[in-house]
Amino acid sequence: MSHNTIALNKQLQPLDHLDSVWLFGYGSLIYKADFPYLQCKPACIYGWQRRFWQGSHDHRGTPQAPGRVLTLIEAPGARCAGMAYEVTPDTFEHLDHREKNGYLRVFTELHWLNEPGQTQGLVYLASADNEAYLGPDTDAAIAAHIASSEGPSGPNSDYLLQLAQALREMDEQDEHVFAIEQQLLKLLK
């Protein structure tokens with residue numbers, strides 16, 4: 001599958017018939033909401049965990065030297081916290097471009113963190129069959145890759161450090177993110 005998924009997302013998940021859609025953000029969408037939204041709430045999804053296994057050719061790296069950003073992998077019993085945004089369907093023109101680098105929109109159940117209840121929402125996932133997928137590596141190797149990558153949206157290290165800070169502000173633990181952050185901080189000294 002091509003790493004540019006804009007047309008594929010429009011074809012597979014048309015949203016024009018809806019008044020609004022909930023979007024779940026688990027990476028930069030937690031701390032960088034550069035789009036209009038109707039409301040925002042902390043939420044989580046079950047059965048998934050964050051991994052720095054996706055390449056970024058367009059934001060935190062270049063086509064010649066992709067950075068590393070997050071995707072989700074299936075993990076029975078896992079819980080991934082983030083932010084949910086209620087948006088209008090036209091917002092996906094911007095979001096599909098922002099998340100075009102191998103990510104497909106998938107509907108999943110969102111659970112609110114600070115109140116009872118849940119709803120259906122969309123999440124962007126980058127699976128192993130997209131051209132930008134980098135796959136697993138050690139925490140130290142991922143941190144070294146992130147430390148040396150930069151793209152149009154800035155240093156790859158900023159992505160990781162801002163995410164780790166946002167998770168702390170939400171009082172959320174993520175062993176993968178925090179382990180790579182520790183390795184990165186050693187390299188940035």
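A disulfide is a pair of cysteine sulfur atoms within 2.5 Å. This is a predicted model, and a search of the whole structure finds 0 disulfides. C44 takes part in none, and the cysteine sulfur nearest to that of C44 belongs to C80, 8.5 Å away. Seen from C80, the closest cysteine sulfur is that of C44, and because the separation is 8.5 Å, the two are too far apart for a bond. C44 counts as buried, with 2% relative accessibility. C80 is buried as well, at 1% relative accessibility.

In general, an α-helix has 3.6 residues a turn, so residues three or four places apart point the same way.

After α5 comes D171, with a positive phi near 60 degrees. Most residues other than glycine have a negative phi. D171 is not a glycine, yet its phi is positive. D171 is exposed, and its relative accessible area is 67%.

α6 also has 14 residues. From the first C-alpha of α6 to the last is 20 Å, close to the 20 Å expected at 1.5 Å a residue. The buried residues in α6 are H176, V177, F178, I180, E181 and L184. What do these buried residues pack against? Their partners are β2 (39-56), α4 (139-147) and α5.

The remaining feature is the largest pocket, whose volume is about 360 Å³. Its lining consists of 24 residues, and those nearest the centre of the pocket are S28, H59, R98, E99 and Y159. Which elements each supply at least two residues of the lining? They are α2 (28-31), β3 (67-87) and α3 (92-98). By residue class, the lining of the largest pocket divides into 8 nonpolar, 9 polar and 7 charged residues.

Methods: Residues numbered from 1 in each chain as written. Predicted model: local features only at pLDDT ≥ 70, side-chain atom pairs only at ≥ 80, totals over all residues. Heavy atoms only, no water. 1 Å grid on protein atoms, 1.4 Å probe; cavity = no way out; pocket = protein on both sides within 12 Å on 5 of 7 lines; lining within 4 Å. Points joined across faces, edges and corners; volume = space filled by probe spheres on them. Helix = DSSP H or I, 4+ residues; strand = E, 2+ residues; numbered from the N terminus. Nonpolar A, V, L, I, M, F, W, Y, C, P; charged D, E, K, R; others polar. Buried < 20%, exposed > 50% of the residue type's maximum accessible area, 1.4 Å probe, protein only. Expected span 1.5 Å × (residues − 1). Contact = heavy atoms within 4.5 Å.
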